Amino acid sequence: MQENLICATISPKDGWVMCPQCGKGKLLMILPDTTVRNLPCKCKRCRQEFLITVVPVPETKVSSA
């Protein structure tokens with residue numbers, strides 16, 4: 001990997017971690033409770049390399065009326 005990596009903190013979207021550069025490349029699929037720190041990834045679409053940190057999104061509770 002190259003030495004000039006971009007660091008990004010990402011919240012998953014529909015179970016997928018999307019590329020922070022192009023927004024279209026799916027980097028990896030994760031579970032809702034997954035936490036990752038400094039994971040090296042490379043987008044297949046834009047070829048940019050990243051160190052990503054995945055923060056789980058708290059689930060919203062839907063109350064019935």
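This is a predicted model: local features need pLDDT of at least 70, side-chain atom pairs count only at pLDDT 80 or more; totals for chains, interfaces and linings use all residues.
Residues are numbered from 1 along each chain as its sequence is written, and side-chain values use heavy atoms, with hydrogens and water left out.

Let us begin with the overall plan. The protein chain contains zero helices and five strands, and its pattern along the sequence reads β-β-β-β-β. Helices (H or I, at least four residues) and strands (E, at least two) are DSSP runs, numbered from the N terminus. Of the 65 residues in the chain, 22% are buried. Here, buried means under 20% relative accessible area, exposed means over 50%, and partly exposed lies in between, using a 1.4 Å probe and protein chains only. The chain exposes about 5200 Å², with carbon and sulfur atoms supplying 51% of that area; accessible areas come from the Shrake-Rupley method with a 1.4 Å probe, and for residues only the protein chains shown count as cover.

Now back to the strands we started with. Strand 4 (residues 36-42) and strand 5 (residues 49-54) run antiparallel and are joined by five bridges; two strands pair if DSSP finds at least two bridges between them. Together they form a hairpin with six residues between them. Arg47 sits in the loop between these strands, and its phi is near 65°, a positive value in a residue other than glycine. Arg47 counts as exposed because its relative accessibility is 58%. Asn38, found in strand 4, also has a positive phi, near 55°. With a relative accessible area of 46%, Asn38 is partly exposed. For background, most residues other than glycine have a negative phi.

The loop between strand 4 and strand 5 also holds Cys43. At 1% relative accessibility, Cys43 counts as buried. Leaving aside neighbours within four places in sequence, Cys43 is in contact (heavy atoms within 4.5 Å) with Cys19, Cys22, Gly25, Leu27, Gln48 and Phe50. The C-alpha atoms of Cys43 and Leu27 are 6.1 Å apart, although 16 residues separate the two along the chain.

Cys43 and Leu27 both belong to the largest nonpolar core, a group of 10 residues that also includes Val17, Cys19, Ile30, Val36, Cys41, Phe50, Ile52 and Val54. A nonpolar core is a set of buried Ala, Val, Leu, Ile, Met, Phe, Trp, Tyr and Cys residues joined through side-chain atoms within 4.5 Å. Strand 4 and strand 5 each supply at least two residues of this core, and strand 5 gives the most, with three residues.

With several cysteines in view, how many disulfides does a search of the whole structure find? The search finds zero, where a disulfide is a pair of cysteine sulfur atoms within 2.5 Å. For Cys41, the nearest cysteine sulfur is that of Cys19, 9.7 Å away. Cys46 is in no disulfide either, and its nearest cysteine sulfur, again that of Cys19, is 3.7 Å away. Cys41 counts as buried at 10% relative accessibility, whereas Cys46 counts as partly exposed at 29%.
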